[in-house]
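Here is a briefing on one protein chain. Please look over its sequence and fold before reading the points.

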Amino acid sequence: MSAWLTLVGIGEDGFAGLGKQARCALLSARRIVGSPRQLELLPRCVVGTRVAWPSPFSLDAVLSEPGAAVCVLASGDPMLYGVGASLARQVPAAQMHVLPSPSSYSLAAARLGWALQDVVTLSVVARPVAALAAHLYSGQRLLVLSNDGASPQAVARSLRERGFGASRMTVLEHLGGPGERRIDGTANDDFSEIAALNLIALECQASPDAPRLSPLAGLPDTAFRHDGQLTKRDIRAVTLARLAPQPGELLWDVGAGSGSIGIEWMRAHRSCRAIAVESDEGRQALIEHNRDALGVPGLQLVRGRAPQALAGLATPDAIFIGGGVTRENVLADCWAALKPGGRLVANAVTLQSELALVQWREHHGGELTRLHIAQACPLGEFDTWRQALPITLLEAVKPLDA
């Protein structure tokens with residue numbers, strides 16, 4: 001079947017701003033699907049049946065008649081935070097023709113004189129504003145697609161709460177259209193009177209007392225709310241190095257405590273995913289706070305006790321067991337669920353949990369490491385080393401033929 005579906009990227013300049021191919025596709029389409037605002041940009045000479053996206057959103061209006069000449073309108077580049085990605089999962093590439101226009105990011109970079117390859121592009125369209133926190137570093141430039149006119153104020157508030165109130169903030173309304181407008185200020189300013197269609201440009205600037213949160217593993221322990229059940233900074237850095245997160249991979253953080261391992265796993269790359277399994281209600285609340293405060297609101301919290309709570313979860317690429325290795329079947333069920341080639345890392349503090357790791361290793365292999373951390377602390381007029389409890393770390397990689 002030849003291409004029957006055409007995705008047309010359209011800007012605020014409407015039909016007049018489209019190229020010849022896009023205009024021809026719209027003029028010959030039997031059905032045109034888009035938002036009411038986009039459909040209103042088309043002139044009367046476009047006679048195909050106009051269909052607005054339904055609420056709740058569904059692709060049925062596009063997929064109901066495969067083979068018919070259908071055009072889908074999308075803002076700017078349909079494959080960049082657009083409907084194109086959803087349609088590409090349903091329609092073979094040979095049956096779909098994509099005609100992009102300049103994206104809002106491209107237009108914003110052109111207005112600001114920013115090199116687009118040096119900018120982090122994000123979206124809060126139907127996404128939590130808390131996710132921006134993972135990208136806040138002094139000197140970092142961000143371009144953020146807004147959900148609506150309230151987004152700039154919400155973003156400014158989030159920056160202030162995290163010590164980035166001095167950040168330069170530019171809101172660009174109706175980019176590329178006759179109603180284009182630019183509002184400049186800082187995150188300390190008021191951004192309450194903003195058009196629904198806007199993009200936010202940020203030049204991040206941290207205050208001197210803002211927490212220094214490196215993208216590398218090993219956030220300060222003070223970055224997390226916890227009740228003492230926290231994998232401490234140096235141990236956490238070693239643990240994450242053994243887990244070795246890769247883009248797109250899924251981690252199970254079993255016995256998650258305050259959620260620090262899963263949170264830092266997800267901060268390693270924006271496509272990393274994690275599931276935190278925790279049975280204690282107080283610690284569940286800590287995980288919910290920490291994941292938002294540290295910019296990974298997508299971390300999934302499973303409220304329950306392993307191994308029962310593991311049933312039905314998506315297959316993981318890596319598993320960390322921070323608590324519960326002595327509980328019957330926890331190690332066995334985690335190993336069975338792990339993908340071939342996946343990594344299992346477990347930490348033990350007590351003699352009983354260490355013995356469980358030693359016995360498990362005898363049957364399945366792996367590497368055991370003993371970690372000793374000491375910190376200098378006052379002793380009278382002098383200082384001495386205070387030894388933290390030693391940690392026994394098990395690392396095992398599941399055979400590809402398992």
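Predicted model: local features only at pLDDT ≥ 70, side-chain atom pairs only at ≥ 80, totals over all residues.

Residues are numbered from 1 along each chain as its sequence is written, and side-chain values use heavy atoms, with hydrogens and water left out.

**Domains and record**

- An unreviewed UniProt entry places the feature "domain: Tetrapyrrole methylase" at residues 5-187. UniProt positions are given in the numbering used here, feature names are shortened, and annotations may be inferred rather than shown by experiment.
- Residues 5-187 are 23% helix and 25% strand. The end C-alpha atoms of this stretch are 42 Å apart.
- Helices (H or I, at least four residues) and strands (E, at least two) are DSSP runs, numbered from the N terminus.

**Cis peptide bonds**

- Ser55 and Pro56 are joined by a cis peptide bond, with omega about 5°. Pro56 sits in the loop between β3 (49-52) and α3 (60-63).
- Ala306 to Pro307 is also a cis peptide bond. Its omega is near 10°. Pro307 belongs to the loop between β13 (300-303) and β14 (318-321).

- Tyr81 is not a glycine, yet its phi is positive, at about 50°. Its loop runs between β4 (70-75) and α4 (83-88).
- Tyr81 counts as partly exposed because its relative accessibility is 36%. Buried means under 20% relative accessible area, exposed over 50%, and partly exposed in between (1.4 Å probe, protein chains only).
- Asn329 is another residue other than glycine with a positive phi, near 75°. Asn329 is found in the loop between β14 and α10 (330-337).
- At 41% relative accessibility, Asn329 is therefore partly exposed.

- Where is Asp77? Asp77 lies in the loop between β4 and α4.
- Asp77 has a relative accessible area of 23%, so Asp77 is partly exposed.
- Asp77 and Ser101 are 24 residues apart in sequence. In space, their C-alpha atoms are 5.4 Å apart.
- Neighbours within four places in sequence aside, Asp77 is in contact (heavy atoms within 4.5 Å) with Pro100, Ser101 and Ser103.

**Helix pair α7 and α8**

- Helix α7 (residues 233-243) packs on helix α8 (residues 260-267) at an angle of about 55°, with the axes 11 Å apart. Axes are lines fitted to C-alpha atoms, for helices over the stretch in contact, and angles run from 0 to 180 degrees between N-to-C directions.
- That angle makes α7 oblique to α8. Angles under 35 degrees count as roughly parallel, over 145 as roughly antiparallel, 65 to 115 as roughly perpendicular and the rest as oblique.
- From α7, the contact uses Arg236, Thr239, Leu240 and Leu243. From α8, it uses Ser260, Ile261, Glu264 and Trp265.

**Helix pair α10 and α11**

- The axes of α10 and helix α11 (residues 351-364) come within 11 Å and cross at roughly 40°. α10 is therefore oblique to α11.
- Leu331, Ala332 and Trp335 of α10 meet Ala356, Leu357, Trp360 and His364 of α11.
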